[in-house]
Amino acid sequence: MTKSPLIALAAALTLAAPAAAQVKLNGAGATFPNIIYQDWMLSYNKAHPDVQLNYQSIGSGGGIRQFSDGTVDFGATDAPMKDSSITAINGNVLHIPTVLGGDVPTYNLPEVKETLRFTPDVLADIYLGKITKWSDARITSVNPGVKLPDADIVVVHRSDGSGTSFIWTDYLSKVSSEWEQKVGRGTSVNWPVGLGGKGNEGVTATLKQTPGAIGYVELGYAMINKLPAGSVRNKAGKFITPGLQSITAAAAGAMSAVGAGTDFRVSITNPDGDKAYPIASFTWLLLHKQYDDAAKATALVKFVWWAETEGQARTEPLGYAPLPKQLRPWVEARLKTITAGGKPVWTTAAR
């Protein structure tokens, strides 16, 4: 059986890690960026054998919890921390965007060879349980020439708390007032209808076993597993097939309305822009503003700045969208605020 890229990268990282690293950095969190994070850490370890990096893919909620508890040096999440969670740790956190991802609608309709189109209202009403047949006129009207079966739609969603669900429900909350009022946004919500699957793997397994099913997974996962991905009508009225360029365009469109003082906890779903895919999001590293250990803080900032610059070239081959370059000065400004023992670490960390 062929090893997945994630298994191969994890194995290589384990072999490449030095036996006696001077600085050990531990992180945990979101599953979505795990492949690129493992790749980055492998590459960085090779160039900097004095730093040992370890990342555990346990989900966004677990990453926030371990970061807040102080059991890891950095966290990772696809859903930004809430104000109450930030207050609980005395505001000692920075959200640093690393790459971009998107949620794609995927479905089990083997007889349909064309890429299906979805409008925002149709997606919302499918997940509200109001559209129950693939032959519904609201679906067929935006898919002219496509022969859709007169079959029941089976909704599939995540059963675990996830950043993927946060992105999906954040989008639905923006495009449907009924969804926002009845369900809302969150890593976990009370789904009106459907079957739950744990992780992208669980959603995919349930979808593949259920004729007529529709679900949502991250773009990179859909690409690797060759899942069908529907195109979605964006705010400009264009049907956009999810892809790396259209996701980067979403970030550029959304951030154009945000000032340089942002803390990056911004939603980029349903943004402006003709070419922007509407169900996209940052994924963030969680860093402390103040560290006790200067060596760790310096090593961590060095690694993060490398990921924000040289590391971006490694994103697209692994199915991730790179950050818009116009964000780089803003990221640099945030990293410059990190201190250890009251002293900034940037002067020794970067460049």
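Biologist: Why is phenylalanine 264 called buried?
Modeller: Buried means under 20% relative accessible area, exposed over 50%, and partly exposed in between, with a 1.4 Å probe and protein chains only. Phenylalanine 264 has a relative accessible area of 0%, so it is buried. Keep in mind that this is a predicted model, where local features need pLDDT of at least 70, side-chain atom pairs count only at pLDDT 80 or more, and totals for chains, interfaces and linings use all residues. Residues are numbered from 1 along each chain as its sequence is written, and side-chain values use heavy atoms, leaving out hydrogens and water.

Biologist: And where is phenylalanine 264 found?
Modeller: In the loop between helix H11 (244-255) and S11; helices (H or I, at least four residues) and strands (E, at least two) are DSSP runs, numbered from the N terminus. Phenylalanine 264 also has a positive phi of about 70°, although it is not a glycine.

Biologist: What makes asparagine 90 exposed?
Modeller: Its relative accessible area is 73%, so asparagine 90 passes the cut-off for exposed. Asparagine 90 lies in the loop between helix H4 (83-88) and strand S4 (94-107), and its phi is positive too, about 60°.

Biologist: How do you know that S1 pairs with S3?
Modeller: Two strands pair if DSSP finds at least two bridges between them. Three bridges join strand S1 (residues 23-29) to S3, so they pair, and they run parallel. Glycine 27 stands opposite phenylalanine 74 in S3.
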